[in-house]
Each structure stands twice: as structure tokens, then as C-alpha cells.
Amino acid sequence: MTAPSITVSETPLVLYTLRRADDALILGHRLSEWCGHAPVLEEDMALSNMALDLIGQARELYGYAAKVEGRDNDEDKLAYLRDVRQYRNLLLVERPNGDFAQTMVRQLFYAAFADLYWRGMMGSTDATLAAVAAKSEKECAYHLRHASEWVIRLGDGTDESHRRAQAAVDDLWAYTGEMFNIDDSERSLIDAGIAIDPTMLLPEWLSIVSHVAREATLTLPENDWMQRGGRDGRHSEHLGHLLSELQYMQRSFPGATW
Amino acid sequence: MYTQALNSPEEGSHAEDAVRASRFQARIDAEERIEPNAWMPAAYRKTLVRQISQHAHSEIVGMLPEGNWITRAPSLRRKAALLAKVQDECGHGLYLYAAAETLGASREELVDAMLAGKAKYSSIFNYPTLTWADIGVIGWLVDGAAIMNQIPLCRCSYGPYARAMIRVCKEESFHQRQGYEIMLTLCRGTAEQKAMAQEALNRWWWPVLMMFGPPDQASQHSDASTKWKIKRFSNDELRQKFIDATVPQAQYLGLTMPDPEMKQDEQGHWRHGPIDWNEFKQVLAGNGPCNRDRLAARRKAHADGAWVRDAAAAYAEKRARRQMAQAAE
């Protein structure tokens, strides 16, 4: 017997909240995969810590999504009983960890965005989202600092680390554009002052990332073709494997309490 | 850099050493703490480096069996708690390596010895975590046994180790309660969950009893360690204390101890049946079910991380050079 997927009524606010929750959970999951396997013990600690921050953000957001939806879903049902096509996270955060450079560059791209994004969201007219934003912004500011320092070390370290860091930038660049996309559903929340417009953040994000890249002696790609689809449930092949691991227990033991 | 200074050969004659040794023992007998810069017999230092580094390695290797369930934890609350717990263990490892460094050993050489298979870590981590209930049992019993071993170490004669243990024990007792709470949830859950809990207890019980080390008549290190007040209770004493504390907890859970000979004596102690010390010997000799996997995982992390550590060192050097050049301008 396996537990079937739930259905979710994705009103604009539910969908919006799930998108942010899924970003945090999937990236937190990826970072937690490092635990016990990092290049130095201090990074085992740091990566676990950031994973914990992100899983904490996800829990608050799932809880809120469930409350707004007002049916009998909860944080665990939303996390464990939706399939790939129902997940709403950015393609960037589901990218596999790869080597440490891939993980750090992914972290830099996301944290530079999330820090700006949550800072803006602190002014949301939705009190719950504003409170989540205030906490998340502090955490993401640290994640950004940590990732920036590592990308600089790797880019300006040895020939090998430079090569790996540049390869990571080249591989992940096409997944950054999706962070700044909006659709009609999100537009209605922006108009109501509940959400902020992420397109406004692009210049500052570019300036932060370019500054780090320059310090790191890395080159940002000129290719401006951007992948998209995660926000609508069109994911890479990687997400299904991640979910099959993440959801194994809840799917295998329907209705059990843990 | 005083840790390196401690590496220099001890000067002075044997006669002086005898005087120092007797003063040292007098301090121990008076329950004084020995601090890093104090004189200490070479054998005391060696014993401590061995014990503290083995303890540190155990924390680090111990991240692997539990880490095996972080990505599969059954709820977000459990996932966060498990991740935080494994992170605590990494912190204990770092803290303990730092305590060993106060004795003149370096983290790198200690870690290298572990990766080369020359240093030991707790035998318990050479067993696999097969179901979610294993995470409950590890918290309840493995951390429970560790606490039983470590509480007396909070009064160990060597100051940095004793202080490290105070902090470690606080976190371990939180882990232990967390593990017991997982067991309680399983035992009050579905029949399938309760069976999962019992099956995990059956697999872990005997290896957990082996964590206290060989029986007293066979223990190699106890005598000197007792004299130096590094060790305050014998292996068998601690094992008995642990069993006496654990049996009522298992009864409360409604679980059966996997020892048909277990019975309570007239003094109220729960007496266990024979332990398979051959299994213990085999695990220590590298033949446990996971010895090879555990070492391979640590070696892989170390090897895969080499270019990252090299990059950090190269960058730090470049940066220092640039700052010097700037200062010279």
C-alpha cells in the first residue's frame, strides 16, 4: 500500500506560498545531503546549519499555505504527498550538489536573490509573510556571505578550483533567470501589496553577483537563454529522484504518525 | 602555539621525573585538574590523546549511520531534529579534536591515523541503520550508553577533556530524550511501527552493551586510567548501571528485551545473559558489517575535499601576500 498524492487548491496566495516553501525545502534537502561528507568538518557544520535554516523557512511557509488553503492539508502532507508535477520550486535549487564549487555557486545565486527578496517582503501587507521574511532575510544574508567567501576562495584559489568554479558558473547560469519571472497569478498579489515584484531586484542581484565574480576572477556567461518551468511543475529529471527519497516513509506507511 | 612547544622532548633527569611524577599524582589524588601547560607523565599524555581522539573519531564516523536517514526522515519536524543532532555530533568531534590538540597532537595527524585505519572509533558505528526505528534506538540506547560513559568523564582529571564532556553530555541527554520520544511514538503507533521498533531493538541491544568495552577481567587500559582519574568506573559497573536504567524504559515502551536470560536479582539489578565477545573482537578487527563502508565514506569525503582545502590555503596565501605588498607601498 502506498499513500496517494493530495490535491491542493492553488489560489494565488497558496500557490505563491508553496513556491517559496518548495524552494526552501528542496535547497535545504540538497544541502543536507552534504552532512557527513563535506570537504572540512567546519563545512559539515555550516552546510547543515543552512539546511536547517531553509527547512525551518519551508515549515513556516507550508504551515501558512495549509492555513490559507483551509482544508485538511498540513506541512507534512504538502511536503511529502505532492508529486513532481505539483512541486513549484525553481529549477536552480533542484540541481544536484555536484562538487563543492557547484554547491557554492548555486548557493551564491540563490542566496543573493533570497536575501534581496525577503528584505523586500518585510514590507508585505500580509503580516505572516512579512514575519517569515524578517527571519529568512537574516538567515539568507549569512548564506550569501558564506557562499560569496567560498566562491571567491575557489575562483581565486588554485588552477583546479578556478576551473571547477568557472564550470559551475557556466552550468548554473541558465537557471538564474527563473528567479525573476512572474505570472498572472503572482501579478495579482504584487498589485495587492502582498508580494513584491522580483523583476525590480534583477539589477541589484546582478551587481552583487558580478562583484563576487570579479573578486573571484570568474567570468559571468554572456549567454542569456534562461531555463524555466519549475514554478509550473515542469522540472528536471533530478527532482523525481529527490522526492522519491524525501517522501519514501510517508508514501510507504500511509496515515502513520511519526 | 604552545601545543607545539609541548612536543619538545621533556628535559631533566630520571630522578627529577620521579619527583615530578609523585607531585603529579598528589595533585590527581587531591582532585585537582591538570591543565595543558602543566607537567604530566608521557604515558598520561599518550593515554589521553588516544582516548580523546578515539572519542572525536567516534563522533565524526557516528555522523554516517544517522546521516543515512536525514534525507528520508518521515516528517519535517523529525528531519530538522535529526539534522540538528548530527550537526551537534560534528560539533562534538571538533570540540574533542581541539581538546586533543591541547596535548600537542594536531587534528590533521589524528584524522590521518583514522583514515589510515590505525586509530579506533566506537564499534557501534560499524552497524547499519536499516529502518527509521534505528534512529530512535540510536538516540535512546547508543546516546544513552554514551552518556553513561561520559558523565563520569565530566570529572576527569584533565581539564580540557572534563570541560568538553560537560557540554557534550548536555547535548547528548537531549538527543537521548529525542530518541526515546521517537520510540514512544512508534510504540504507540500502528502494529507495523511497533514491530519496526522491536526489530530495531533486537538488532542494536547486544552491540550497545559492547560499547562499554570488554569485561573488567579483560580490559587493558583500566588500571592506569583509574589511578590517573581518567576513568572512575569499570566497564562492567557502567554496563550494569546502563542496563538497570534501560530495562524499565523498555518495559514502559512495551518492548521485549532480546535476551531470554535477562532477569532481576535480589538487589534489583537486571542481569544480562552472555555477550558474544567474539563478535566485538571481529568488529574491532575491521570485520563488522559496515567497517569498510564507514572508512570508505570518510576517505572519500577527505579525498574529494582535498582540492577545496588546497584552494582555501592558496587563496589565504595570495591574500596575505597582497596585503603585505600593499603595506609596503
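Visitor: By class, how many nonpolar, polar and charged residues does the lining of the largest cavity have?
Guide: This is a predicted model, where local features need pLDDT of at least 70, side-chain atom pairs count only at pLDDT 80 or more, and totals for chains, interfaces and linings use all residues. Sorted by class (Ala, Val, Leu, Ile, Met, Phe, Trp, Tyr, Cys and Pro nonpolar; Asp, Glu, Lys and Arg charged; the others, Gly among them, polar), they come to 4 nonpolar, 4 polar and 2 charged.

Visitor: Which elements each supply at least two residues of that cavity's lining?
Guide: Residues are numbered from 1 along each chain as written, chains are lettered from A and ligands numbered from 1 in written order, and side-chain values use heavy atoms, without hydrogens and water. Taking helices as DSSP runs (H or I, at least four residues, numbered from the N terminus), the suppliers in chain B are α5, α7 and α8.

Visitor: Now the largest pocket: which residues lie closest to its centre?
Guide: The largest pocket (an open set with protein on both sides within 12 Å along at least five of seven lines) holds about 1,300 Å³ of space. Of the 47 lining residues, the closest to the centre are B:Gln54, B:Asn149, B:Met211, B:Phe212 and B:Gly213.

Visitor: And how does the lining of the largest pocket divide by class?
Guide: Elements of chain B giving two or more residues to this lining include α3 (42-61), α8 (159-187) and α11 (235-253). By class, the lining has 20 nonpolar, 16 polar and 11 charged residues.

Visitor: Which helix gives the most to the lining of the second largest pocket?
Guide: The second largest pocket has a volume of about 430 Å³. Its lining has 23 residues, with B:Gly117, B:Lys118, B:Ala119, B:Lys120 and B:Tyr121 nearest the centre. In chain B, α3, α6 (107-115), α12 and α13 (291-304) each supply at least two lining residues. With 5 residues, the helix that gives the most is α12(B).

How values were computed:
1 Å grid on protein atoms, 1.4 Å probe; cavity = no way out; pocket = protein on both sides within 12 Å on 5 of 7 lines; lining within 4 Å. Points joined across faces, edges and corners; volume = space filled by probe spheres on them.
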